[in-house]
There are 2 protein chains.
Amino acid sequence: MTSFSVGLLGHGTVGSAFARLLEERAENIALTVGRRPELAGVLTRSRGDFAEILTRADLVVELMGGIEPAREYVLRSLNAGKHVVTANKQLLSQHGEELYAAAQEAQVQLRFEASVAGVVPVVRVLQETLAVTRIERLHGIVNGTTNFILSEMARTGATYEKALGQAQELGYAEADPTEDVSGKDAAAKMAILARLAFGTPVHLDQVPYEGIEHITPHDLEYAAELNLALKLLGTAERVDGGLSVRVHPVFLYPGHPLSAVSGPFNAVTVESPAFTEITMSGPGAGGAQTATAVLGDVVTAMIPAPPQVDWTYDLAVVSDVTSAFYLHLEVDDQPGVLGQIAQVLGLQGISVKSVVQKGMDDQARLLMVVHPVLESRFFAALELIRRLGFVRAAPRAIRVIEEEFV
Amino acid sequence: MTSFSVGLLGHGTVGSAFARLLEERAENIALTVGRRPELAGVLTRSRGDFAEILTRADLVVELMGGIEPAREYVLRSLNAGKHVVTANKQLLSQHGEELYAAAQEAQVQLRFEASVAGVVPVVRVLQETLAVTRIERLHGIVNGTTNFILSEMARTGATYEKALGQAQELGYAEADPTEDVSGKDAAAKMAILARLAFGTPVHLDQVPYEGIEHITPHDLEYAAELNLALKLLGTAERVDGGLSVRVHPVFLYPGHPLSAVSGPFNAVTVESPAFTEITMSGPGAGGAQTATAVLGDVVTAMIPAPPQVDWTYDLAVVSDVTSAFYLHLEVDDQPGVLGQIAQVLGLQGISVKSVVQKGMDDQARLLMVVHPVLESRFFAALELIRRLGFVRAAPRAIRVIEEEFV
């Protein structure tokens, strides 16, 4: 039986898990595809030579992370006619076009299932099952760290800081959690998914994101009262002939397919008039899971080429979209307050769906949900409300998704 | 641009939806894969000639349903070197081996995503993403009719008959619903999935199944009290070096990834030590959805071959497995009853997890949950209990899944 040489760049948690898994499953893969995979060499910070590995490899697995030298190595591999499998979301979301073009030019495969939602097969399903389907919208919980933190805050009433500490203890958050909790990691993944779903190049810079650092136990307490689930949600959707891609904390109504996804799990819902919706969920990270996704890509690359979608669309990436909002205001408890706020909202065409007022000594708390409105209008109204004399603290606003599913 | 001829067998709901969709997406497919698909002919009960269609077609789509003449046409197509895409679960679960062998022999593709869970990409994910992963267990809600009926019974307290009537009104159940409500449809789909997941031939006859016709509003009432969801669940799992495939009504604890799947939706959870679990869900049926799944297969078949798994495993299909049970008994309200029942259970090594007793005049209702036990032992105990003089009605038993997920 002929063999198939795999060059491995990076030997951290995922890299070493992949090397073990490849050896463990080699016999099975040989039976499945008729070629036996073997490691052609491993490049780490301290050992290995890239040029040598490249010469020997039929396929290069990049698990170094970061932009350079990962970018250079991936490009050199593709240009040398080698297939590449990578889990590098930062690289793909910032230099994807260059890499996709190089793969197309060299007629080799560039596969990246593990870059988004680990072993949850969202990349393959978008590339293959739904390759020719018109997708309307995609929602994703694509960062396990923040989903774990929000789940813990909801479950125990803990503060953000305490839940973060727990995530760090359990290995769900890194010592410097900035990239996860700021929403940047999710934004990179949404850029990758949006490109697949809508065939439009999307750069990380085109994805506005908001993190969860400012979420308080109060937000989750009210969410529980209203039976809402708070998630850090990525959205990519067609809007007015263009495309909007963004990441925000969002309240989901019960029954939304993503509202029950808790802990470090990831999940993606794809909506299309052709089939209403499909949801896929599973563990979003972890060395073994990511290695399993990488191996799935390696096996596929050992087989003749999969669908190559021709990227002929080019939707404009738009920034202003329509959302419903939950609004939390701390105000003086005096007559006319609600009236003035309603007036400001009304002037911006914002219609109120529900209001709860809670008195506290000389102060009151107003919790409102407003109907969907153009976000620029809502934030303009928010700015006006912030300046009203009786508003005691910065208003808090969180998006709400309230479509009914099924 | 070269064209790609698609012969269509069957022009019912799915067939006509597929024909429309193929035309609508032809331009897009041409851009994607470089060949333009067009219908080479349509065979219905009253028009079209199979031999003529076969000569012209590069690929045959079989949407007639039933065993004959579908089996003959699919075999003739494969033997003539044509790819085949089918949604026919009965055919695959009863004659799959013959068809897979014919496709292998002719080196053509036989694809059947639409045969299980409609557009939910479970077939592709098992064939490709997880092709070389060792799968431990697969759970599926693979029949939308029964899931709708059970959801309605839980939501409204309706009887089985009333919920079935509603499903028929809404088009979720056929005039003769036997195949769905008996569990046979789900059993056929589980046979197909089990073969993919475990590489072992499984015939419909090897899948014991139980339907939902005997489920009462009482069962759902107690389920609600215990916060359990009742589902018609298909299971395929490794057991003692063999394979068990079966379909039963099952209580799922909250937090199980399938417990929140309601209405006519389908969902499948795949478990493996390599990645804990992946869940995929979406609409299970409907002409447009099924047509979308069929089209995805057609597009893939227009590209060089995907992974061809070599079916070298051959696990024994076993029938006795371990399950936890919910047990519902109507008994005379007299001293010693609970003791005698506990004794019968104890003699079979069955340990009781919880008991609730409800008095009603001279009668009592005992609701018990027992810890996992070999099913043959449980049913032996049930038979003994049924014969006890103070037992007033046939005992009711429903399986319970209580693993905790993440």
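Met360(B) stands opposite Gln363(B), a residue of strand S13 of chain B. The model is predicted.

**The hairpin of chain B**

Strand S12 covers residues 352–360 and strand S13 covers residues 363–374 of chain B. The two pair in the antiparallel sense, over eight bridges. Their hairpin has two residues between the strands. Asp361(B) takes a positive phi there, near 50°. Is S12(B) mostly buried or in the open? S12(B) has nine residues, and the number buried is zero, so the strand lies largely in the open. In a regular strand, side chains alternate between the two faces of the sheet.

The table gives their geometry.

| Helix pair | Axes | Angle | Crossing |
|---|---|---|---|
| H6(B) and H7(B) | within 9 Å | roughly 125° | right-handed |
| H4(B) and H9(B) | 8 Å apart | about 55° | left-handed |

Helix H6 (residues 144–156) and helix H7 (residues 160–169) of chain B cross at roughly 125°. That angle makes H6(B) oblique to H7(B). From H6(B), the contact takes Thr145(B), Phe148(B), Ile149(B), Glu152(B) and Met153(B). From H7(B), Tyr160(B), Ala163(B), Leu164(B), Gln166(B) and Ala167(B) meet them. By class, the contact of H6(B) with H7(B) has seven nonpolar residues, two polar and one charged.

Helix H4 (residues 89–106) and helix H9 (residues 184–198) of chain B pack at about 55°. H4(B) is therefore oblique to H9(B). H4(B) brings Lys89(B), Gln90(B), Leu92(B), Ser93(B) and Gly96(B) to the contact. H9(B) brings Ala188(B), Lys189(B), Ala191(B), Ile192(B) and Arg195(B). Here the classes are four nonpolar, three polar and three charged.

**The sheet of chain A**

Chain A has an open sheet of five strands, in the order S2-S1-S3-S4-S5. The pairing is parallel. Which strands stand at the edges? They are S2 (36–43) and S5 (110–111) of chain A. Each has a single partner strand, so one side of each is left without a neighbour in the sheet.

Further in, strand S1 (residues 3–9) and strand S3 (residues 59–62) of chain A pair over four bridges, in the parallel sense. Gly7(A) stands opposite Val60(A) of S3(A). Helix H1 (residues 13–33) of chain A packs on this sheet and touches S1, S2 and S3 of chain A. The direction of H1(A) makes about 160° with that of S2(A).

**Where the chains meet**

How many residues of chain B are in contact with chain A? The count is 48, against 47 residues of chain A. Four elements of chain B each supply at least two residues to this side: helix H1 (13–33), helix H5 (122–129), strand S10 (276–283) and helix H11 (287–301). S10(B) gives the most, with eight residues. The side of chain B that touches chain A has 28 nonpolar residues, 15 polar and five charged.

S10(B) also pairs across the two chains. Three bridges join S10(B) to strand S10 (residues 276–283) of chain A, and the two strands run antiparallel. Ser281(A) has Thr279(B) as its bridge partner in S10(B).

Notes. Residues numbered from 1 in each chain as written. Chains lettered and ligands numbered in written order. Predicted model: local features only at pLDDT ≥ 70, side-chain atom pairs only at ≥ 80, totals over all residues. Contact = placed C-beta atoms within 7 Å. Nonpolar A, V, L, I, M, F, W, Y, C, P; charged D, E, K, R; others polar. Pairing = 2+ DSSP bridges. Axes fitted to C-alpha atoms, helices over the stretch in contact; angles between N-to-C directions. Parallel < 35°, antiparallel > 145°, perpendicular 65-115°, else oblique. Left-handed = near helix turned anticlockwise from the far one by under 90°. Buried ≥ 20, exposed ≤ 12 C-beta atoms within 10 Å, placed from the backbone.
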